[in-house]
Amino acid sequence: MRKLLSTLVLVVTATAGLAACGSSGDAGQTLRVGTLADAPPSIFLQDGRFTGYDNELLRDIAQREGFQVEFVGTEFATLLGKVAGGQLDIGSSTISATGARKKTVAFSNGYDTSYTTVVTKKGAALSGPGSFAGKRLGVVQGSVQDEFAAKLAGAEVVRFPDYNAGFAQLRSGGLDGWVVPKDIGQKYFDQNPAVPLEFGYTVLDKDTPSAFAVAKSNTDLLNKINDGLAKAIADGTAARLHAQFYRSAPIAKELDKGGSGLPVKNS
């Protein structure tokens, strides 16, 4: 009898562990989503609630597909590793679907395109790829902007855990430039009108759209996200949310109502 009871306890414990991991995307399950708190209008914390275009779009997808989401503030440098390792189910942080990152996680289809830009004090004249020798450039560690800055000849790259820390250094004069997605830079412009800032060297990230990240093994969840995203594009929800958060930036035609979407290949 004791042996039977022990076996039953082991079975129940194992079953409970599987149910708690939150990685299958079954109906009604709550999935943990890693996101940033300081990258408006894409991802940010407002009145204690994680919001922004990326996170509100994911909430809409979750509702369509029958699962719940719980947002967790996460440093970008550790985000994909935590998704790959199962500590988080989804990454939602304007993550560019690069080839290198596809070795770690799987990506949903794309939900946005963006520009990378170098924000500087006015008159800094950092407008071309050859103007950065000896200049200190701040980036969020592990971001696409980190990779971008590292390729600028002669630049000294200074890495930060979040956007606020980099902006503080730019404002105080500790940096010559701050490398960010252009929409995030614009938001800091709007929030700090007294700081004399301008956009310097800028490029379009056309081949690496922003996408949600999931573990490579979790094809069921990946399919659910892609299905919900396609529906949100088809009925205009994605375009409506984009207009709500990016008031002056047009949405890519592929993401406008009835658009074909931005497919991402994971192989």
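Predicted model: local features only at pLDDT ≥ 70, side-chain atom pairs only at ≥ 80, totals over all residues.
The chain contains eight helices and 13 strands. Of its 267 residues, 49% count as buried. Among contacts with a separation of 6 or more, 66% are accounted for by residues 24 or more positions apart.

Helix H7 comprises 16 residues, and the distance from its first C-alpha to its last is 22 Å, close to the 22 Å expected at 1.5 Å a residue. The buried residues of H7 are Leu-221, Leu-222, Lys-224, Ile-225, Asn-226, Gly-228, Leu-229, Ala-232 and Ile-233. An α-helix has 3.6 residues a turn, so residues three or four places apart point the same way. The partners against which the buried residues of H7 pack are strands S1 (30-35), S6 (90-96), S7 (106-107) and S13 (210-214), together with helices H2 and H8. After H7 comes Gly-236, which has a positive phi near 90°.

Helix H8 spans residues 237-245, and its buried residues are Thr-237, Ala-238, Ala-239, Leu-241, His-242 and Phe-245. The cover over these buried residues includes strands S3 (43-46) and S4 (49-51), as well as helices H2 (53-65) and H7 (219-234). Two or more lining residues are given by each of S6, helix H4 (144-150) and helix H6 (182-191). S6 provides the largest share, with four residues. By class, the lining of this cavity has nine nonpolar, eight polar and four charged residues. The largest cavity lies between domain 1 (30-113 + 208-255) and domain 2 (115-204), because both domains give residues to its lining.

The largest pocket holds about 740 Å³ of space. It is lined by 33 residues, of which Thr-113, Asp-183, His-242, Tyr-246 and Ala-249 are the closest to its centre. H6, strand S12 (197-204) and H8 are the elements that give two or more residues to this lining. The most comes from H6, with five residues. The lining of the largest pocket has 16 nonpolar, seven polar and 10 charged residues. Both domain 1 (30-113 + 208-255) and domain 2 (115-204) give residues to the lining of the largest pocket, so this pocket lies between them. His-242, one of the residues closest to the centre of the pocket, is also one of the buried residues of H8.

In the second largest pocket there is about 260 Å³ of space. Of the 14 residues that line this pocket, Val-144, Phe-148, Lys-151, Val-203 and Asp-205 lie nearest its centre. At least two lining residues are supplied by each of H4 and S12. The class composition of the lining of the second largest pocket is six nonpolar, three polar and five charged residues.

Conventions:
Residues numbered from 1 in each chain as written. Heavy atoms only, no water. Buried < 20%, exposed > 50% of the residue type's maximum accessible area, 1.4 Å probe, protein only. Contact = heavy atoms within 4.5 Å. Expected span 1.5 Å × (residues − 1). Nonpolar A, V, L, I, M, F, W, Y, C, P; charged D, E, K, R; others polar. Domains from an automatic or database assignment. 1 Å grid on protein atoms, 1.4 Å probe; cavity = no way out; pocket = protein on both sides within 12 Å on 5 of 7 lines; lining within 4 Å. Points joined across faces, edges and corners; volume = space filled by probe spheres on them.
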